[in-house]
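Please look through the model below with the following walk-through at hand.

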Amino acid sequence: MKHLKSFLILALLLLTGQSKAQEAVIEDVSFLVQYIKGDTEGTRYSVALSKSFTQSEHGRELLKRVHDYSELAMNHMARKNTVNGLEQAKESAYAEIFEVYEKNLAANKQFLAEGHITKEEFEKRKAQNEERRAALEKQMQEQLKDTKELLGGMLNNIPDTPMPDDTEALLNELYRYAVGGKAYKFIVNMGKGLLNVSDELSGTASWGIINLLDNKLFEEKYYASPSYSGKHELFVLKNAQGQYGLFHYNGTPVIAFQKHELVIEHSMDCLVQYNVNNGSQTVLDLQGNPRFTYQTLRAVDGRYWDAKNSNNRWGAVDKDNNVLIPFKYNYIFGVVERETHREFIAGELDTHDELYDFETLEHVANRVNRKIIYLTK
């Protein structure tokens, strides 16, 4: 299968020399550069390849070696990521538990300061909060134990073949075949025939975008690496003046450069625009048309928005701005895992919480002083 894949990629290069074949090679180079450079942040490095690879026997041999070596590098990184995955999962879980604990504690401190609960009730809630955190930590430790066993089984299925001694020399030779003889220090494959390139490794470097079809930069220099969606062939640029714009992959502007920050919200297939004057957030469709505005928006699981309105009250809406949880709450804790289901917890300024089933967002229970009173749906 490996030799068949190598042959197909080489055949594409020889017959077409077009972007699909080039992108396949870029993916291979990405894995090699990640492996050699020790890329710890998961950024996809790559090299912009020129037609010179297909115009000489030496270039074609380089491509074949790149593909073979990339599969070995991919296995090495898969093993490393699998080993590191358990520790990262543990850190993430602890951070999430601590965040929920801190939110509960902060809310109760506010209730106490505003006179909504007594000192005795505050201490009671504090103890209950500690108990919840301890229970969640115990549950997390049991889950991590199962995960560790699963990861051990996965490692047994990943080959551990040593990398050839000339791997780094091969990579250095590839750079000499880069577009126009230029070897960029930081190159990210955006897909669809585009590369995001910089001459510097600094996070504040000037960037450009190369179109592999004609090797042109259709945006000469801009300030930040773009937010992009290969699925929709769109990307957001920030220029040196701090303005944001939305562009199609062919270089056509969808939203011209303007002062408000733009972010692609992948889970909702939309844009979020942050108003620099008042901090409000507006949902835009991918053509740049405004849909609705709230003071704060948080995408939840690609299905709902937690939202805070201009009266500083929280609720939830769907993608079409239909209200799913009324805007009457002082806070929404978000999704909480239960043994049999998931819930939203929404709270008011008194000691009263309300629970919503996550799947339907139907109101399912009231909770007064942390005692749950289940209601009929």
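**A guided reading of the model**

The model is a predicted one, in which local features need pLDDT of at least 70 and side-chain atom pairs count only at pLDDT 80 or more, whereas totals for chains, interfaces and linings use all residues. Residues are numbered from 1 along each chain as its sequence is written, and side-chain values use heavy atoms, with hydrogens and water left out.

Gln 273 belongs to strand E10 (residues 270-274), where helices (H or I, at least four residues) and strands (E, at least two) are DSSP runs numbered from the N terminus. Setting aside residues up to four places away in sequence, Gln 273 touches Gln 258, His 260, Glu 261, Leu 262, Ser 280, Gln 281, Thr 282 and Leu 284, contact meaning heavy atoms within 4.5 Å.

Leu 112, by comparison, sits in helix H3 (residues 57-113) and is partly exposed, its relative accessible area being 26%. Beyond its neighbours within four places in sequence, Leu 112 is in contact with Ile 117, Thr 118, Lys 119 and Phe 122. Between the C-alpha atoms of Leu 112 and Phe 122, which are ten residues apart along the chain, the separation is 6.6 Å.

Next comes the sheet. Four strands, in the order E13-E14-E15-E16, form an open sheet with antiparallel pairing, two strands being paired if DSSP finds at least two bridges between them. Strand E13 (296-300) and strand E16 (323-329) stand at the edges with a single partner strand each, so one side of each has no neighbour in the sheet. Within this sheet, strand E14 (residues 304-308) and the antiparallel strand E15 (residues 314-317) are joined by four bridges, and Asp 306 stands opposite Ala 316 in E15.

The last stop is the largest pocket, which is lined by 34 residues, with Glu 96, Leu 136, Val 335, Val 336 and Glu 337 nearest its centre. On a 1 Å grid over the protein atoms alone, a pocket is an open set of points where a 1.4 Å probe fits, with protein on both sides within 12 Å along at least five of seven lines, and lining residues have an atom within 4 Å of a point. The elements that give two or more residues to this lining are H3, helix H4 (119-155), E13, strand E17 (331-337) and strand E18 (342-347).

Technical notes. Buried means under 20% relative accessible area, exposed over 50%, partly exposed in between (1.4 Å probe, protein chains only).
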